[in-house]
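Please read them alongside the sequence and the coordinates.

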Amino acid sequence: MNVDQQEIEKFTAIASRWWDLEGEFKPLHQINPLRVDYIIEKITGQSRPVNGFNNDVLSGLKIVDIGCGGGILAEALASYGAHVTGIDLAEESLTVARLHALEKHVKNVTYQHISAEDFALANTEHFDVVTCLEMLEHVPDPSAIVRAAALLVKPNSPVFFSTLNRNFKSYLMAIVGAEYVMNLVPKGTHDFNKFIKPSELMRMIDNTPLNIKATMGLHFNPLTQDYYLSNTNIDVNYIIHCHK
């Protein structure tokens, strides 16, 4: 199975804190609105209105979130009307995700404890959108996840990947800065050797029916403590938007 048991144990140990806005997953909560807006803009072709998107902007769409963790992205997409399935191999994280959805009365999101590869074989071309964010750098074979995503999505439909670039700048910012200087995430959250260069991820994508449509960098301003999207560079965190 394409799973790193140490990674599962790492996330299992802090699973109860997925929805603690000041805890270990605070950065994910901070960047989630940016990620969701970007995904909606690419799906709909609309720019975000000043007062935000309507709650039904994704109504009727079936979305699968690969590596959903505690459900931060899955719940957000469901809040816009999509029917979301989150899959993960960390059972404790899924338990937290289910409980939170129940607490918030989110009815159009479900979670399954299953690998992306097995799920893709059972649900070929079943979904209108596939998301796989901040997950590829945590598995032994990210190319297998990319292939599964391509299998899951319907023709003429979008797929979104995000991960961390592998270079000296990303080491300084994502590991030294985020883990040791600013304590944004727990020490040991990331393994630099598992970071993926955009050229590497693009080659994985090129070996599938997916076509790359756009890339976007996710940036952090240490002075303002704000995150923002910009396509000026993809040196550290980046998102790739694909289409089948």
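1. Rings of Phe, Tyr and Trp (its six-membered ring) are taken to pair if their centres lie within 6.5 Å, with planes under 30 degrees apart counting as stacked, over 60 as edge-to-face and the rest as tilted. On that criterion, a search of the whole structure finds eight aromatic pairs. One of them joins Phe11 and Trp18, which are stacked at 6.3 Å centre to centre with 15 degrees between the planes; ring pairs also link Phe11, Trp18 and Phe25 into a cluster.

2. This is a predicted model, in which local features need pLDDT of at least 70 and side-chain atom pairs count only at pLDDT 80 or more, while totals for chains, interfaces and linings use all residues. Residues are numbered from 1 along each chain as its sequence is written, and side-chain values use heavy atoms, with hydrogens and water left out.

3. Burial is judged by relative accessible area (buried under 20%, exposed over 50%, partly exposed in between; 1.4 Å probe, protein chains only). Phe11 and Trp18 are both buried. Phe195 is buried as well, at 2%, whereas Phe192, at 24%, counts as partly exposed.

4. Helices (H or I, at least four residues) and strands (E, at least two) are DSSP runs, numbered from the N terminus. The buried residues of H2, among them Ile31, Asn32, Tyr38 and Ile40, pack against helix H3 (72–78) and several strands, including S4 (129–133) and S8 (237–243), where contact means heavy atoms within 4.5 Å.

5. Just after H2, Gly45 takes a positive phi of about 80 degrees.
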